[in-house]
Amino acid sequence: MLKQVTPLVLIAAVTACSSPVDRRQANDGDEYINAVVEPALIIPDGLNTPVYSKEYEIPSVGSKNDVTLVGKMLDIRPPLQVLPMAEGTHVEEGSDNIKIVVESIDNDIDLKKELYDVLQSYLASRSITVLSEDYDNGLIETDWLESKEVIDSNLWGSDEVYLLRQRYQFHVDVRPHGRSGNISIDLIDHEESFDGEQQDIVLSGEDKRRYTIDMLNNAVAYMSVKRAQSIKAKRIKESLGIDVAVVKGSEPDVEAEEFVQSYWLADAPFKRTWERLRIVLPELGFEIIDMDRGKGLYYVNVNDDSGFWSSLWNEKDLPIDEGSYRLILKESGENTELYLHSADDQPLDNTVVEAVYEGLAELMREDRKVR
């Protein structure tokens, strides 16, 4: 019994699809190349030359333009643009290769390793084999990428297939300071075949740009996802609370006249503690007037406009006099020591430091919501 096939399916089966070359050309829109330029009217002597409108006048072709790009030779495809979709990226284009500039978004991450790992992960996600790589010089060279497209499907014979094969080279270059770099891409090999027959193709500069832009945009889109994940993971980590303990000092010894100041010990590295304090201090009623990260120094004014202390101690007085103070941070291995001094850089009494500790510790250990 013969299988019934609708006429619509038959039509679709025998109708040839447009080839990649056909898609570059206008459909029956090149009659203008055969147009004959008519000579200007000859005006007899004694008569005035009529006024001609220049609204539809075609400008002459300059010496820098390619006069061969007419008719079927004119590429009608819209231009492609590099899309710097990833955080910290912008565009820089060359003649035969495309370059995107990438800025570091996390000083704790080596930028070159980040870019190199992202490219390797992107290629692996698309099952693209890496033919060779050179981390020192920042080079990654792919094996052949194959893309097949059925141009003419036949129910009674083999399909006519258009095959595109390409190889690319990525180059990662990071500046000596490590805060910025770039990724460039080159198309190093290109082959096309139709129905098993190799096509003699000479790519124009515009064709190379289109292929490399498309490949780089896909890689940057992948980087965008990875960077977004990294940023969120960092925010989650920074949102977690930090435990703070008070290390009690000693009052002045009458005989030795020694004084050991009490201080707070944060269970976190300097950088994380510093960033956390920028959020916590204003909530604590410590207005940040100035800061010097290099010296680990916060200049603060103390007031109780926040109402934090009143809510903490049920309308009790602020445990520290209103005024100006200095908060000093010192690295201590994986921890950070915090010292509270007066405006003239004198250690405060231990009773004051220990009294403020309760409110500080509560806010520092509080987990924050990630937005």
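Predicted model: local features only at pLDDT ≥ 70, side-chain atom pairs only at ≥ 80, totals over all residues.
Residues are numbered from 1 along each chain as its sequence is written, and side-chain values use heavy atoms, with hydrogens and water left out.

The protein has six helices and 14 strands, where helices (H or I, at least four residues) and strands (E, at least two) are DSSP runs numbered from the N terminus. Of its 371 residues, 32% count as buried, that is, under 20% relative accessible area, with exposed meaning over 50% and partly exposed in between (1.4 Å probe, protein chains only). The accessible surface comes to about 24000 Å², and carbon and sulfur atoms hold 50% of that area, as calculated by the Shrake-Rupley method with a 1.4 Å probe, only the protein chains shown counting as cover for residues. Among contacts (heavy atoms within 4.5 Å) with a separation of 6 or more, 59% join residues 24 or more positions apart.

The largest nonpolar core contains 32 residues, of which Phe 170, Ile 183 and Leu 216 touch the most other members; such a core is a set of buried Ala, Val, Leu, Ile, Met, Phe, Trp, Tyr and Cys residues joined through side-chain atoms within 4.5 Å. Two or more residues each come from β2 (98-103), α2 (111-125), β6 (160-174), β7 (180-194) and α3 (205-239), and α3 gives the most, with eight residues. When residues up to four places away in sequence are not counted, Leu 216 touches Val 82, Ile 98, Ile 100, Ile 183 and Ile 185. Another core, of 29 residues, lies apart from the largest one and includes Ile 242, Ala 268, Tyr 325 and Leu 329.

Six strands form an open sheet with antiparallel pairing, in the order β9-β10-β14-β13-β12-β11, two strands being taken to pair if DSSP finds at least two bridges between them. Because β9 (244-247) and β11 (286-292) stand at the edges with a single partner strand each, one side of each is left without a neighbour in the sheet. The twist averages 25 degrees from one strand to the next, with axes taken as lines fitted to C-alpha atoms, for helices over the stretch in contact, and angles running from 0 to 180 degrees between N-to-C directions.

Within this sheet, β9 pairs with β10 (residues 263-266) over four bridges, and Val 247 has Tyr 263 of β10 as its bridge partner. Three bridges join β10 to β14, where Ala 266 is partnered by Thr 336. Eight bridges connect β13 to β14, with Leu 327 opposite Leu 340 of β14; these two strands form a hairpin with two residues between them, and Gly 333 in the turn has a positive phi of about 65 degrees. Seven of the eight residues of β14 are buried, so this strand is largely enclosed by the rest of the structure.

Helix α4 (residues 270-283) lies across β10, β11, β12 (297-302), β13 (323-332) and β14 (335-342), and runs at about 145 degrees to β11. Helix α6 (residues 350-364) lies across β9, β10, β11 and β14, and runs at about 170 degrees to β9.
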